[in-house]
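Reader: I have not looked at this one before. Can you walk me through how the helices sit against each other?

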Amino acid sequence: MEEDSDIDSNSLHDLLLGLADSDQPQDKTVNKVSYPKRLLDNTMKKRYAKAGFTEEKLDFLHKFFQGAVNLYGVIEIIDLSQIYADIKDKNQYPDISTDEFIKFAELVRREQVPYYVFDQHELFRNRIDYDFERIIVNEDLLGPEGLHSLEGVYNVYYSNYASDYRE
């Protein structure tokens, strides 16, 4: 019985040390997200066309964003763009500018896709929104309560696993 007590206190001690040593700011989180209404496919096609996206770039960006959230669960646009820049020359990917990443991230917020692209203030209080610091989140992390429960998002965002792509 005493051993179990030592294990529990050691685990708690390690957890507290891990939180104290974490370089991730533990921001105040929000209770409920207000997210833009999703639009119909035809409306989205018009918006993408007006923004100048080709079918090839749209197809690639949809797959790239989806692949990233499938792998990481949560990733910031700036990190995803860096991953793209690192692997672009080794693959035959379309040439996508920083502005196109930002524009796609803005537009896809209104499309029915299996992930969300959140502005910083939608997930964290007192954060300033920058277009390149939006956060892509796999919808599976939201759970059955949807946008009313963000605990899974925060758990992944602050975990060491989610920060692996930054190294």
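Reader: How are α3 and α5 oriented to each other?
Author: Roughly perpendicular. This is a predicted model, and in it the two helices pack at an angle of about 75°, with their axes 11 Å apart. Angles from 65 to 115 degrees count as roughly perpendicular, so 75° qualifies.

Reader: Which residues make that contact?
Author: From α3, K57, L58, L61, H62, F64 and F65. From α5, E100, F101, F104, A105 and V108.

Reader: And what classes are they, for α3 with α5?
Author: Eight are nonpolar, one is polar and two are charged.

Reader: What about α2 and α5, what angle do they make?
Author: About 165°, and their axes are 11 Å apart. Here α2 covers residues 41-51 and α5 covers residues 98-108. The cut-off for roughly antiparallel is over 145 degrees, which is why α2 and α5 are described that way. Their crossing is right-handed.

Reader: Which residues meet there?
Author: M44, R47, Y48 and A51 of α2 make the contact with K103, F104, L107 and V108 of α5. Six of the contact residues are nonpolar, two are charged and none is polar.

Reader: Where is G52?
Author: In the loop between α2 and α3. G52 is partly exposed, as its relative accessible area is 48%. The C-alpha atoms of G52 and E100 are 9.2 Å apart, although 48 residues separate them along the chain. E100 is also one of the α5 residues in the contact with α3.

Reader: Back to α3. How many residues does it have?
Author: It has 18 residues. From its first C-alpha to its last it reaches 26 Å, close to the 26 Å expected at 1.5 Å a residue.

Reader: Which of its residues are buried, for α3?
Author: K57, L58, F60, L61, F64, F65, Q66, A68, V69 and Y72. Among them, K57, L58, L61, F64 and F65 also take part in the contact with α5.

Reader: What follows α3?
Author: G73, and its phi is positive, near 85°.

Reader: Moving on, how do α3 and α4 cross?
Author: At roughly 110°, with their axes coming within 11 Å. That puts α3 roughly perpendicular to α4. The crossing of α3 and α4 is right-handed.

Reader: Which residues meet in that one, between α3 and α4?
Author: F60, F64, F65, A68 and Y72 on the α3 side. On the α4 side they are I77, L80, I83, Y84 and I87. The contact has 10 nonpolar residues, with no polar and no charged ones.

Reader: Which residues of α4 are buried?
Author: I77, D79, L80, S81 and Y84. What covers them includes α3, β1, α5 and β3.

Reader: What span should α4 have?
Author: 16 Å for its 12 residues, at 1.5 Å a residue. Its end C-alpha atoms are 16 Å apart, so the two agree.

Reader: Pick S81. What does it touch?
Author: F101 and F132, leaving aside residues up to four places away in sequence. S81 sits in helix α4, which runs over residues 77-88. S81 has a relative accessible area of 12%, and buried means under 20%, so it counts as buried.

Reader: And A85, buried or partly exposed?
Author: Partly exposed, because its relative accessibility is 44%. A85 is in helix α4 too. Its C-alpha atom is separated by 9.6 Å from that of D95, which is 10 residues away along the chain.

Reader: Now the overall picture. How many helices and strands are there?
Author: Eight helices and three strands. From the N terminus on, the order is α-α-α-β-α-α-β-α-β-α-α.

Reader: What share of the protein chain is buried?
Author: Buried residues make up 41% of its 167 residues.

Reader: Last one. What share of contacts comes from residues 24 or more positions apart?
Author: They account for 70% of the contacts with a separation of 6 or more.

Note on methods. Residues are numbered from 1 along each chain as its sequence is written. This is a predicted model: local features need pLDDT of at least 70, side-chain atom pairs count only at pLDDT 80 or more; totals for chains, interfaces and linings use all residues. Side-chain values use heavy atoms; hydrogens and water are left out. Helices (H or I, at least four residues) and strands (E, at least two) are DSSP runs, numbered from the N terminus. Buried means under 20% relative accessible area, exposed over 50%, partly exposed in between (1.4 Å probe, protein chains only). Contact means heavy atoms within 4.5 Å. Axes are lines fitted to C-alpha atoms, for helices over the stretch in contact, and angles run from 0 to 180 degrees between N-to-C directions. Angles under 35 degrees count as roughly parallel, over 145 as roughly antiparallel, 65 to 115 as roughly perpendicular and the rest as oblique. A crossing is left-handed if the near helix is turned anticlockwise from the far one by less than a right angle, and right-handed if clockwise. Ala, Val, Leu, Ile, Met, Phe, Trp, Tyr, Cys and Pro count as nonpolar, Asp, Glu, Lys and Arg as charged, and the others, Gly among them, as polar. The expected span of a helix is 1.5 Å times one less than its number of residues.
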